[in-house]
Amino acid sequence: MKILRFFPRFPLVCTIFARVFGKKMETDTHYYIYTGLDAFLGSRFGGKVQKLSVNAGTTCPNRDGTLGRGGCTYCNNRTFNPDYCATTADIRKQLEEGKRFFGRKYPQMKYLAYFQAYTNTYGDAARLRRMYEEALAVDGVVGLVVGTRPDCVTAEWLDYFERLSRETFVWIEYGIESVYDRTLRRVNRGHDFAATRWAVEETAARGIPVGGHLILGLPGESFKEMVDEAAILSRLPLDTLKLHQLQVIRGTRMAREYAERPEQFHLMTVDRYLALVSAFLQRLRPGIAVERFVSQSPPSLLVAPAWGIKNYEFVELLKKHMHAEGVFQGQLYVPDKERTDAP
Ligand code: SF4
């Protein structure tokens, strides 16, 4: 039981570890470059855990007319729905298909039901809760990951997740996308960064692990502003973070904007993005586990940039790059109590 009490302190331990041993890591064999998701999940489950995407058939307030109809300018949900969950709202069936896919190679694998597409705390709450509980009843499913917008969680939803998390693993993932309100307005997110701050803090205050998703390269943001996002996010009680490069997707409003005014977009090369992620990680609190760095939309949907690089390939390039530079996550992170500019 003692070890269980250690898990919530994992981020703090990472922070202390990186700060105390930072100099050693700079000059030694670079066994620490960044905190990966294995550190976050492995400490909880002790074995292989795979997220299985399920589609609850929800929508989002930015599409159904509540906030708007066009959605975020970059959004095409077809880019993040795997085939096994594209055609049915039957949660059990989606999970069983996903398990068949991964179980062939790793029979001992455990699974997290990942409610990813659209906004999974929006709409008929009773129906969504039934779906979560149906997912948790599937053999081998050891927890839930719920993706949602920060302005679509309420205290009631968080109270529900808190109760659920006493029985199983629950991890909430928020679409943050940018810390800058002017960017959020420009991409038509329909919420501001204050909504993110509230949602992340309230979720963490209930002892629920909380993740965020950030897009690097949104129009109007400079290299320095993107790097600065790391310090701003480090001050939130985030446990995990997913990064990805801006991709212009066919059929989106952003694709039209890109065709009409390409000069307003500064799509990055892989090398430029490597430099950006490296600088970002150096300022990121080491206790935040980074789940991924790039996303790869199907070529049939992708307008630009056409990198043709998978996340694991990027991770290898990143490790080499940061190793060669002698840098690592958290190297330039300044905790609030040491900041001279902290409010
Ligand atoms: S990115 Fe998310 S919030 Fe934005 S329109 Fe798409 S589903 Fe809705």
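What share of the contacts in the chain with a separation of 6 or more comes from residues 24 or more positions apart?

## Overall picture

That share is 84%. Please keep in mind as you look around that this is a predicted model. The chain holds twelve helices and nine strands. Of its 343 residues, 38% are buried.

## The sheet

Let's start with the strands. Seven of them make an open sheet with parallel pairing, and their order is S1-S2-S3-S4-S5-S6-S8. Strand S1 (49–54) and strand S8 (289–292) sit at the edges with a single partner strand each, so one side of each has no neighbour in the sheet. From one strand to the next, the twist averages 25°.

For a closer look at one pairing, follow strand S2 (residues 110–115) and strand S3 (residues 141–148), which are joined in the parallel sense by five bridges. Phenylalanine 115 has valine 146 in S3 as its bridge partner.

## Helices against the sheet

Helix H4 (residues 91–103) packs on the sheet, where it touches S1, S2 and S3, and its direction makes about 140° with that of S1. Helix H5 (residues 125–136) also packs on the sheet and touches S1, S2 and S3; the direction of H5 makes about 150° with that of S3.

## The nonpolar core

The largest nonpolar core contains 76 residues, and Val54, Ala113, Ala135 and Leu144 are those with the most contacts inside it. Strand S4 (residues 169–177) supplies the largest share of this core, with six residues.

Leaving aside residues up to four places away in sequence, leucine 144 touches Leu112, Ala113, Tyr132, Ala135, Leu136 and Val170.

## A look at glycine 220

Glycine 220 lies in the loop between strand S5 (210–216) and helix H9 (223–234). Is glycine 220 buried or partly exposed? It has 15 C-beta neighbours inside 10 Å and therefore counts as partly exposed, since being buried takes 20 or more and being exposed takes 12 or fewer.

Setting aside residues up to four places away in sequence, glycine 220 touches Arg182, Thr183 and Arg186. Glycine 220 and phenylalanine 265 are 45 residues apart in sequence, with 7.7 Å between their C-alpha atoms.

Notes. Residues are numbered from 1 along each chain as its sequence is written. This is a predicted model: local features need pLDDT of at least 70, side-chain atom pairs count only at pLDDT 80 or more; totals for chains, interfaces and linings use all residues. Two strands pair if DSSP finds at least two bridges between them. Helices (H or I, at least four residues) and strands (E, at least two) are DSSP runs, numbered from the N terminus. Axes are lines fitted to C-alpha atoms, for helices over the stretch in contact, and angles run from 0 to 180 degrees between N-to-C directions. Two residues are in contact if their C-beta atoms, placed from the backbone, lie within 7 Å. A nonpolar core is a set of buried Ala, Val, Leu, Ile, Met, Phe, Trp, Tyr and Cys residues joined through C-beta atoms within 7 Å.
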